[in-house]
Every structure is written in C-alpha cells, then in structure tokens.
Amino acid sequence: MTEPTTIPVEAADYRTAMARIASAVHLVTTAGPGGRAGFTATAVCSVSDEPPTLLVCINRTASAHAALSVNDTLCVNTLGAHQMDVAGAFGGRTPMDERFATASWGRLVTGSPVLNNARVAFDCRIVGRHAVATHDVLVCEVVALACAGTGDGLLYADRRYHAPPLQAPARDDAA
Ligand SMILES: Cc1cc2nc3c(=O)[nH]c(=O)nc-3n(C[C@H](O)[C@H](O)[C@H](O)COP(=O)(O)O)c2cc1C
C-alpha cells in the first residue's frame with residue numbers, strides 16, 4: 001500500500017492530485033462595461049439553493065479577469081460531450097473574438113453570453129468577490145436558467161477531456 005504523503009505538499013503534487021478528480025467543464029462568460037470575455041473552468045461549485053448560489057474561481061492572471069472584475073454579471077455554461085472544441089478555444093491563449101466565433105450565443109436576463117445548446121446555463125449576478133491565494137472566488141446568485149442541451153456531459157480528468165456515456169436514469173427517477 002502507498003505511504004500517505006507527508007506535508008509540506010508541493011504545488012505540483014497538489015495539481016497532480018487534483019487532476020485525478022473528474023470534473024464537469026464549463027465556459028464562464030461575461031459581457032458589460034468591462035467588455036466581453038470568457039474562459040474554460042472546472043472550479044465551479046454549488047453553494048445553496050436559497051437563494052440559488054454558486055462559486056466560480058478565476059486566476060487573477062487570466063485574460064478574462066479584467067472584464068470579470070468590472071462586470072457584475074456572468075453566465076456558467078456547462079458543456080456537453082460534443083462541445084470539446086469550444087472548451088479548447090476558451091482554455092487559454094486564443095483571442096476573445098476567436099473564442100466566441102467558435103459557437104453561437106444567446107442571452108437570458110443579465111445579458112451575459114449564453115452558449116446555445118449548453119447542457120445547462122446558469123445566468124448570474126456576482127454578489128461577492130474574495131481574493132484567495134492566486135485566485136478570486138466569485139460568489140454568484142443565479143437569476144435565470146436554461147436547460148435545453150441534450151446528450152452526454154463533458155468531463156475533464158487526468159489532464160484531458162472525456163465524454164463517457166451517462167447511465168440511463170434509474171427506473172424510479174424516470175420522469
Ligand atoms: C479544463 C480546464 C479547466 C480550467 N479551469 C479553470 C478554472 O476553474 N479557473 C481558472 O481561472 N482557469 C481555469 N482554466 C484555465 C483558463 O481556462 C485559461 O486557460 C487561463 O485562464 C488562461 O487563459 P488566457 O490565455 O485567457 O489568459 C482551465 C482550463 C482548462 C483547459
């Protein structure tokens with residue numbers, strides 16, 4: 001059996017450990033006085049349903065950070081298995097206009113770009129910002145939803161994308 005790792009934990013070891021966790025893949029998008037911007041994110045987490053609240057963690061070095069520190073709204077667009085190319089475009093180093101040209105967009109309530117055919121989209125108002133280490137943690141209140149997307153979800157694990165078929169709903173869960 002592997003011996004437990006003792007502290008101190010190195011940053012590279014922490015990243016390797018986190019890479020073992022399979023995560024949903026999202027595009028976090030924004031538009032407003034700070035400009036239009038978006039990035040691929042796995043650091044998205046639900047907080048509460050009263051009121052519906054989620055967290056987004058963004059590295060302060062990301063090119064989308066400037067827009068997200070001015071705009072008070074964003075949309076979390078959760079990707080389906082067929083949207084791996086869009087995830088790649090928003091995953092860094094591509095100019096913003098080129099990122100947005102890879103897909104078609106609509107809007108809900110806040111005016112943030114909503115990815116057409118996202119598995120689910122959470123349109124949000126940013127209600128809190130907390131600087132933690134290298135990242136800003138954005139606390140977001142969800143003001144509108146779109147659940148139009150069909151098909152399997154996109155996952156990221158072991159530093160690559162996966163599109164595993166989702167299990168059919170259990171008989172009791174079937175609507
Ligand atoms: C699968 C995946 C997940 C990512 N998750 C996050 C995240 O949660 N937060 C974050 O700040 N950057 C995340 N990134 C990195 C950003 O998408 C982006 O590449 C980085 O901010 C640099 O982009 P830039 O060239 O626009 O500055 C992720 C990248 C990938 C490919």
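Predicted model: local features only at pLDDT ≥ 70, side-chain atom pairs only at ≥ 80, totals over all residues.
**The ligand and its surroundings**

Two elements give two or more residues each to the shell around the ligand, namely strand β3 (37-41) and strand β5 (52-59). In total, 18 residues surround the ligand, and the closest are Thr40, Ser63, Gly91, Arg93 and Arg99.

| Residue | Protein atom | Ligand atom | Distance |
|---|---|---|---|
| Cysteine 57 | polar backbone atom | nitrogen | 2.9 Å |
| Asparagine 59 | backbone N or O atom | oxygen | 2.8 Å |
| Arginine 99 | polar side-chain atom | oxygen | 2.6 Å |

As for how covered the ligand is, taken alone it exposes 630 Å², and the protein buries 78% of that.

Is arginine 93 buried or exposed? Its relative accessibility is 85%, and the cut-off for exposed is over 50%, so arginine 93 counts as exposed. Keep in mind that only the protein chains count as cover in that value.

**Other backbone features**

Arginine 159 also shows a positive phi in a residue other than glycine, with a value near 65°. You'll find arginine 159 in the loop between β11 (155-157) and β12 (160-162).

Then there's a cis peptide bond, which joins glutamate 50 and proline 51, with omega at about -5°. Proline 51 is found in the loop between β4 (44-49) and β5, and β5 is one of the strands that give two or more residues to the ligand shell.

**A buried threonine with a partner**

One last stop is threonine 78, placed in strand β6 (residues 73-78). Its relative accessibility is 10%, and buried means under 20%, so threonine 78 counts as buried. Which side chain does the side chain of threonine 78 make a polar contact with? The partner is the side chain of histidine 26, at 3.0 Å.

Conventions: Residues numbered from 1 in each chain as written. Heavy atoms only, no water. Near = heavy atom within 4 Å. Polar contact = N/O pair within 3.5 Å; in protein donor to acceptor, adjacent residues only side chain to side chain. Areas by Shrake-Rupley, 256 points an atom, 1.4 Å probe, with all protein chains shown as cover. Helix = DSSP H or I, 4+ residues; strand = E, 2+ residues; numbered from the N terminus. Buried < 20%, exposed > 50% of the residue type's maximum accessible area, 1.4 Å probe, protein only.
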